[in-house]
Amino acid sequence: MFDLHYQLTSIDGLFILALSLLLGFEVIKNVPAVLHTPLMSGSNAISGIILFGGITQLLGAAVGDILTIVLSSAAVLLGTINLAGGFFVTHRMLGMFRKTRHRDPRT
Amino acid sequence: MGILYLLSTIGLVQGLKFMGDPARARMGNAVAAFSVLLAMGAGIWSSILPATGTVHLVLLGLLLVAGTVLGRVWSYRVAMTAMPQLVSLFNALGGLSAVLLGLNMVHGKGVDGSSMMSSVVLILGVVFGGVAFTGSIVAYLKLDGRKLPPAGRLHRTVARVLLVVQCVLLLAHLLPPQPLFPFGQLLTTLALIALLYGVFLTLPIGGADMPVLIALLNALTGVATLLAGLLFKDPVMLIGGILVGATGLLLTMQMSKAMNRTLRSVLAGSIKGARGGAAVAEEEVRPISAVETASLLAFGKHIAIVPGYGMAVSQAQQSVYEMQGLLQRLGAGVHYIIHPVAGRMPGHMNVLLAEANVPYASIHPMEEVNDHMERYDVVLVIGANDVVNPAAESDPASSIHGMPIIRAYKAKQVVVLKRGMAKGYSGERNLLFERQNCRVLFGDAKTSLQAVIDELKRI
């Protein structure tokens, strides 16, 4: 078990930021136009992981702290819709692409 | 726990990589989804504190299930033509989630603004989330065809003023040794301004600029997630946010490039001084009937179809596919040529054609076929305008000059399906319509196509 510490003040954090940004660009650089929409909705889904923050807040909230509970619950719910909906919709879209590929009698 | 986080981060990167490859895209999506689940499990496990009661866990479970069910229902109920709206709506929810998290940080125990770095990260996260939220809502309304108040220079000015106010407030908080306002108030104010800013930023942007805008809003949510990742010291959120931000930014740049415009000019909402007036006079255009169109098509050996937003509006993709089948039975080869910014989101036309079962292999990106457009006997332009306007190549004074276009004008014959003589988004007159080899079939795309199909069936 090891612990990961990110401190913005330490140069390590900036290293990770810079390197993963470069990595991100590399990974998706040459995506064909056919996949632009699924890629966008898929990455949109990933941005739903912001709900992790909501989970941390919700589970750490004192029982009497209604405001925190309400706010973090809303954040979790919205994030989950974004996350799940995004992945489902991408799945559905890509399913259509696959279908057209198999059903290609001519051309 | 660390190991699980590491695994899921690798999964996210790998999943996104697969999504860039047509053959593995579906698996990539599944890998990404699974990685998120894995990280969520680990996150929940490590977030359980002594103070956490069963109530919390039950509530969390209910929320997760409710969100998943809602997401699933929405994403399967919505028609494929409404995909841009749905993606915007999901993006808006993510943005709002970021705002709520940020506000919660101050009310809860998290950050109190004592550490400068974390307060800046918190503020930026809330601001980006807020802009993404209202911006996506406006984009959603626009895509859904709702009537919005007309927007112009005034809105752009307001947006600029709001941005300046935000920067000033932030600096006023950071620079003096003693902050002027309590941190909570400052954050709430900035959040509200960000919400307003999102509205005023997106209202004046529309039409053909939509793909750029949607990709940009997506990138903003990614940045908000990234910042939240820093704040919560959560590596998966951090990496995920970076990946989303990078994807969004890359798509934004690609879309802008496809229109030969800078991101700034898209945001400024101004197409450089469109020379008004000069609509094409009706008599300069040679109309064609559906019957004539059908016979032209029936005699063609190589036929290209250029779809645009007009096809999406009249939902003509099924008719297009039906026509393709008929033409192929008559022995013609049918190609689809798609401009990168056709439609209202990146890749919009590809999704619609895929929904109508158009084979992937018959769809060609513009660059692939542009150099030998002469070989096409007939090019059928369905509801596209600016992307086939030769003025982009020939007229240096044109506002769209320099934008890469599909060289439909080089084909032996062009037939343009158009509702009326309205100009394209740029407001430029389309020189294609005045060419000798171009004829215009007036009417709603779907109705016109149906008439052509009926005629083809008779042949």
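A nonpolar core is a set of buried Ala, Val, Leu, Ile, Met, Phe, Trp, Tyr and Cys residues joined through C-beta atoms within 7 Å. Buried here means that 20 or more other C-beta atoms lie within 10 Å of a residue's own, exposed means 12 or fewer, and partly exposed is in between, with C-beta atoms placed from the backbone.

**Ground rules.** I am working with a predicted model, where local features need pLDDT of at least 70, side-chain atom pairs count only at pLDDT 80 or more, and totals for chains, interfaces and linings use all residues. Residues are numbered from 1 along each chain as its sequence is written, while chains are lettered from A and ligands numbered from 1 in the order in which they are written.

**Core.** I looked up the largest nonpolar core and found 182 residues, of which B:Val306, B:Val381 and B:Ile382 touch the most other members. Helix α8 (residues 210-232) of chain B gives the most to this core, 17 residues; helices are DSSP runs of H or I, at least four residues, and strands are runs of E, at least two, numbered from the N terminus.

**B:Val306.** Beyond four places in sequence, I see B:Val306 touching, among others, B:Ile337, B:Val379 and B:Ile406. Contact means C-beta atoms, placed from the backbone, within 7 Å.

**B:Lys410.** I found B:Lys410 in the loop between α16 (391-394) and β5 (413-418) of chain B. Why is B:Lys410 partly exposed? Because 18 other C-beta atoms lie within 10 Å of B:Lys410. Setting aside neighbours within four places in sequence, B:Lys410 is in contact with B:Met373 and B:Glu374.

Note on methods:
Two residues are in contact if their C-beta atoms, placed from the backbone, lie within 7 Å.
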